[in-house]
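Here are some notes to read alongside the structure, written for someone meeting it now.

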Amino acid sequence: MSDVIFIEGGRVIDPASGVDGVRTVVLRDGRVAEVAERVERPRDARAVDARGRWVTPGFIDLHVHLREPGQEYKETVATGAAAAGAGGFTSVCAMPNTRPVNDNASGTALGLARAAQAGLARVYPVGAISKGSAGEELAEYGELQAAGCVALSDDGRPVMNAGLMRRALEYAKAFGLPLTVHEEDLHLVGKGVMHEGPVATRLGLKGIPAQAEEVMILRDLALLELTGGRLHVAHVSTRGSVRAIRDAKRRGLPVTAEVTPHHLALTDEDVAASGYGTDYKMNPPLRSADDVQACREALADGTIDAIATDHAPHSAVEKDLEFDAALNGIVGLETAFPVCLALVKQGHLGERRLVEALTRSPASAFGLPGGTLARGAPADVAILDPAAEWVVDPGRLRSKSRNTPWKGKRLAGRCTHTIVNGRIVYEEGRSER
Amino acid sequence: MIGRHKHCIALADYSREEILEVLDLAVSMKEVLRRPIKKVPSLRGRSIVNLFFEASTRTRSSFEIAAKTLSADLLNWTASASSVTKGETLIDTARNLEAMRPDVLVIRHAAGGAPRLVAEHVGCAVVSAGDGAHEHPSQGLLDCFTLREKLGTLEGKTVAIVGDISHSRVARSDLHSMPKLGAKMRLCGPPTMIPAGVEALGATVHYDLREAVEGADAIVMLRIQHERIGDPLIPGTREYSKFWGLNAKKAAEWLKPSCVILHPGPVNRGVELSPEVADGPHSVILDQVQNGVAVRMAILYLLAGGTESEAKA
């Protein structure tokens, strides 16, 4: 097998190194060897024809749920990593809300071992902020980091105790780990199941006000001012949240933020249009059109750094239910690129900023390798056909789960090749399911 | 069929004509209920299942009397929590009942949207007998029927709905039907019980009871559920009744003499309505109960595949 991959004719978009134009990319021994306009093809190279396609650094997703251990019927590290590959993602950060919660070195080691066996996307474990994510005692951050964790989170639930949150921010500074926070005030959420507003009122569903998210972000930004450290706000979904983060960044606070493709593309009206469709039930909930607009602007201007999918596989058992009873979340790895590319076509986002938000920005938020095609960088590459149209057939997704609101929808933009560490892990039409 | 609809789930989807189709047929149905022998063979051989996931004596009985008056066979399936705790999903339960080949499935469920989910998975007609805080279409229709009967028309009339609007499916079904018949709607209650953006449904919002009921042609008083107290939507029933309850004194001072008072029942006497008002001249609460049977007969009849001529036979 050749150790050299020669990608020719494609439009290389690498915001990290300022490249946007037709270039040839040479990968050798797991590294980017060269990106240039004219390169002699090495004799032993495996050639990939990328004419008409985009060649970008492999995408990095700061927020996925791989469900292993404990809920392997929804997803495993291997199937999740395969879904990542099919979507152009070469690195994913796996949230710790597995069963048991990843709050110790052995949980982290298990995730890494499964990822190594799969040999697909790079999987970076995220450790818990609190033991069992119960919000009571700090987890062992030093041990988690030594085992391979790149960030800390109690994702799936907020850290309701402000005193614990303060100590977590402080203690994590010793290890330079970012805290990635799931922001919702559970008292304001109550039994809410969708965004509070006229649509929830019409549907008779209990609402979750935007302020449930905003008051927690404001709280944590205030704490960050006290403690320093690194705060990353997961799945931002409201105008007020955007305003708070924008203000904090202006004041120089060390905060980064992410937004999901669905919070950029869908609104609470889609819950109504789908007829209580549970593939439109997620947390945070789909917000108003005004909130969506604010998130799009914030992503475009860099207030929100990264696009992250919050890939949340659930089986039919948890989704073919009353809206009130269904679990939150959707799968996102395999649809993220086309869903976000549609925003480019609608004029909400530039092409380069889109690529940046999937590559360099997430890499820098968590200090991960990759996110660039600079010489010497890891040979993690996505090759994308921005024109290819396809209809989402949940049965053909590589994820084990099928909970996607894009079921049956026609999308434009598709990953054709994904290369991790100089090895093609996904090739359109070739990879087995 | 009711107009274009195979099901009766949400009046939001019903046009004025479709609402009138039910109301007009209910007039004939009410006439049947006044006969000495209250039984017609219109739905003989048809079967109807009452599938109730929430306790409800009056709505269930109303559908039962409606079905029996039309000679349909009726099965009461009280799901309580039993099948749910055994792990059977709503879709499973509905498919199991569907296998018994009913013509109509009447469903009451605590989750908004549940009847719609059932309708997507069964072949028979589905009638919602109330789903969460979404809709209670037969109640909305019987309220319209009662107002038409008492006021002659809803055209140009003002209807005030008072109480816990946020949790009320009755309020939503009234809001989705009465304006289509020409009524103007006012909503009233403590601000904690007014849901976000409800003005979008075409109503004005009032926190002051007097402002809401003065000059109104009809008032729908909603039941205050005890579990809402300390929710914390209101501090208690004593204060609620003082500010949002109707008693004889307020009724005498504020209401038009012709104003009618509706209540979906059961009434919390002394909370939203004092006994003198509940039993007084404005009250049409018992008429609503009888009209409920007539309206439900019309719904079942249209959805179970009866024909107009059979009905009048």
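**Notes on chain B**

1. Let's begin inside helix 6 of chain B, where the buried residues are Pro137(B), Ser138(B), Gln139(B), Gly140(B), Leu141(B), Leu142(B), Asp143(B), Cys144(B), Phe145(B), Thr146(B), Leu147(B) and Arg148(B). That makes twelve of the 15 residues in helix 6, so the helix is mostly covered; a residue counts as buried when 20 or more other C-beta atoms lie within 10 Å of its own. Please keep in mind that this is a predicted model.

2. What lies over helix 6? The cover of its buried residues includes helix 1 (16-33), helix 7 and helix 12 of chain B, along with strand 4 (125-131), strand 8 (218-221) and strand 9 (260-262).

3. After helix 6 comes Gly152(B), with a positive phi near 85 degrees.

4. Leaving aside residues up to four places away in sequence, Leu105(B) touches Val49(B), Leu51(B), Ala94(B), Leu97(B), Val118(B), Val122(B), Cys124(B) and Val126(B).

5. Now the whole chain: chain B has 13 helices and nine strands. Its C-alpha atoms fill a box of roughly 55 × 45 × 35 Å along the principal axes. A compact globule of 313 residues would have a radius of gyration near 20 Å, and the 19 Å of chain B agrees with that. Buried residues make up 50% of the chain. Of the contacts in chain B with a separation of 6 or more, 74% join residues 24 or more positions apart.

6. Which residues meet across the two chains? The contact takes 17 residues from chain A and 21 residues from chain B. On the chain B side, helix 4 (90-98), helix 5 (114-121) and helix 7 (169-177) each give two or more residues, and helix 5 has the largest share, three residues. By class, this side has eleven nonpolar, six polar and four charged residues.

7. Finally, confidence: chain B averages a pLDDT of 93, and 94% of its residues score at least 70. The model scores ipTM 0.91 and pTM 0.94. Where pLDDT is low, the predicted coordinates should not be read in detail.

How values were computed: Residues are numbered from 1 along each chain as its sequence is written. Chains are lettered from A and ligands numbered from 1 in the order in which they are written. This is a predicted model: local features need pLDDT of at least 70, side-chain atom pairs count only at pLDDT 80 or more; totals for chains, interfaces and linings use all residues. Two residues are in contact if their C-beta atoms, placed from the backbone, lie within 7 Å. Helices (H or I, at least four residues) and strands (E, at least two) are DSSP runs, numbered from the N terminus. Ala, Val, Leu, Ile, Met, Phe, Trp, Tyr, Cys and Pro count as nonpolar, Asp, Glu, Lys and Arg as charged, and the others, Gly among them, as polar. The radius of gyration is taken over C-alpha atoms; the globule rule is 2.2 Å times the number of residues to the power 0.38. pLDDT is the predictor's confidence in each residue, from 0 to 100.
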